[in-house]
There are 2 protein chains.
Amino acid sequence: DHNGMLTDRNEVIPPENFSHVIGEIYRSSFPRIENFSFLQKRLKLKSILVLIPEEYPQENLEFLNKANIKLFQVGMSGNKEPFVNIPSDLFTKALEIVINPENQPILIHCNRGKHRTGCLIGCIRKLQNWSLTMIFDEYRRFSFPKARALDQQFIELYDDKYIKEVATKNSWLPLKW
Amino acid sequence: DHNGMLTDRNEVIPPENFSHVIGEIYRSSFPRIENFSFLQKRLKLKSILVLIPEEYPQENLEFLNKANIKLFQVGMSGNKEPFVNIPSDLFTKALEIVINPENQPILIHCNRGKHRTGCLIGCIRKLQNWSLTMIFDEYRRFSFPKARALDQQFIELYDDKYIKEVATKNSWLPLKW
């Protein structure tokens, strides 16, 4: 057994940049084979939301299928100067998936868990009414050393009026730890 | 009302370096007046564990008293070269407080939430059987730009045999998200 040492110690390997966000919402970089056991057995995921536009890898699809985890894909490109901006409505769509308790426990990820994921988490923090200073404190912690002013501006300018209406109608707010 | 703008927007201000750890365990830097409302109304804290040896500030004590939050103090100095090392038994004592559900929701903090707090969180991750790579990934995210090799060595060498015995006897393990 090649994994003898690992399994003996019952060791689990969360994906890089992994963290709990709130309630049953988690964030990370792109999960790899060595992380599957953590996602299935520790987090007991019901869904994954991926924010990249590319096709999901076959081995990840097989894992999701086997573990009975639902995949949501809201593909987007990151905010890059000078003229690429994430459309706000994609974020609203992503938020509707994430804060719906029916889809939780849910993991949000992009490639490195820094920029697209960081923007989405920032929008969740707006729904929690966090001060922008502390939203950016968290954004930078996860995006280091590649924090983008454009991402922070996106979070600040994101209009959460529509998602707040939907969330309030469905009694999804306030989000609970 | 000087706080008119804040209260109108229902804005909350988590402490710097704030994060959820697992279950009802949280971490942060030293909480200040502007964070009290977040700790009381959002996290609904039952206890705070402070890791500094100095006396707790009067205004914080008054807040805890008013909010009916219990204060635990396990004072220690950080790991500093060449000859200051945190005694392991202090960590075991701290862990016994933190992972006891009776004390949760609980916030762990030191001054900046980087080193002493980071070491304690690293020990919690050992109880969760996380790989050292991912324990250090998290340690560095919060201690940036002041990561200490000594802290990481401390986490690696910390002997969790005794705390695991206590935790198992009390059915505190496995820790739950």
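Tutor: Let us start with one residue: B:F38 lies in helix 2 (residues 36-42) of chain B. Helices are DSSP runs of H or I of at least four residues, strands are E runs of at least two, and both are numbered from the N terminus. This is a predicted model, in which local features need pLDDT of at least 70 and side-chain atom pairs count only at pLDDT 80 or more, while totals for chains, interfaces and linings use all residues. Residues are numbered from 1 along each chain as written, chains are lettered from A and ligands numbered from 1 in the order written, and side-chain values use heavy atoms, without hydrogens and water.

Student: Is B:F38 buried or exposed?

Tutor: Buried means under 20% relative accessible area, exposed over 50%, and partly exposed in between, with a 1.4 Å probe and protein chains only. B:F38 is buried, at 1% relative accessibility.

Student: With which residues is B:F38 in contact, beyond its neighbours within four places in sequence?

Tutor: Contact means heavy atoms within 4.5 Å. With those neighbours left aside, B:F38 touches A:W130 and A:W177, as well as B:V12, B:I13, B:P14, B:P15, B:F18 and B:L43. B:P15 is 23 residues from B:F38 in sequence, and their C-alpha atoms are 8.5 Å apart.

Student: How is the packing of helix 5 of chain A against helix 6 of chain A described?

Tutor: Axes are lines fitted to C-alpha atoms, for helices over the stretch in contact, and angles between N-to-C directions run from 0 to 180 degrees. The axes of helix 5 and helix 6 (residues 132-143), both of chain A, come within 10 Å and cross at roughly 155°. Angles under 35 degrees count as roughly parallel, over 145 as roughly antiparallel, 65 to 115 as roughly perpendicular, and the rest as oblique. Helix 5 of chain A and helix 6 of chain A are therefore roughly antiparallel.

Student: Which residues of these two helices meet?

Tutor: From helix 5 of chain A come A:G118, A:I121, A:G122, A:R125 and A:K126, and from helix 6 of chain A come A:I135, A:E138 and A:Y139.
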